[in-house]
Amino acid sequence: DFEADCRRVTAPTLVLTGEPGLDRVVPVASTRSYTDRIAGARHATLERTGHIGLVTRPDRFAEMVGPFVARAAA
C-alpha cells in the first residue's frame, strides 16, 4: 500500500525533481506528491534539467543534497 508505506517513512526526506517541462520520465507533479504523503518531506527543484539531474547537473545536485544530508546527520 503506497500511502501506508509513505506514512512509515521517518527519515528526513528531500524530494528532488527536475523542471516539469524537462522531465519526460516521471511527471514532476507525481514525484512531488511524496511531499504530501511523507511527514516533514521537503521538495526542491533542480533547474535546467529533467529526470536525471544527478547525471546532467552533478555539481548542483551535490550542492543541494549535501547540505540536506549534513543537517539530517547532525
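Arg8 and Asp5 are 3 residues apart in helix 1 (residues 2-8), so about one helical turn separates them; helices here are DSSP runs of H or I with at least four residues, strands are runs of E with at least two, and both are numbered from the N terminus. The model is a predicted one, in which local features need pLDDT of at least 70 and side-chain atom pairs count only at pLDDT 80 or more, while totals for chains, interfaces and linings use all residues. Residues are numbered from 1 along each chain as its sequence is written, and side-chain values use heavy atoms, with hydrogens and water left out.

Arg8 forms a salt bridge with Asp5, with the closest N and O atoms 2.3 Å apart, where a salt bridge is a side-chain nitrogen of Lys or Arg within 4 Å of a carboxyl oxygen of Asp or Glu. Arg8 is exposed at 56% relative accessibility, whereas Asp5, at 40%, is partly exposed (buried means under 20% relative accessible area, exposed over 50%, and partly exposed in between, with a 1.4 Å probe and protein chains only).

A further salt bridge brings together the side chains of Arg60 and Glu47, at 4.0 Å from N to O. This pair links distant parts of the chain, since Arg60 lies in helix 5 (residues 58-73) and Glu47 in the loop between strand 2 (42-45) and helix 4, 13 residues apart. Arg60 also meets Glu63 in a salt bridge of 3.2 Å, N to O, and these two are 3 residues apart in helix 5, which means about one helical turn. Through shared partners, Glu47, Arg60 and Glu63 are joined into one network.
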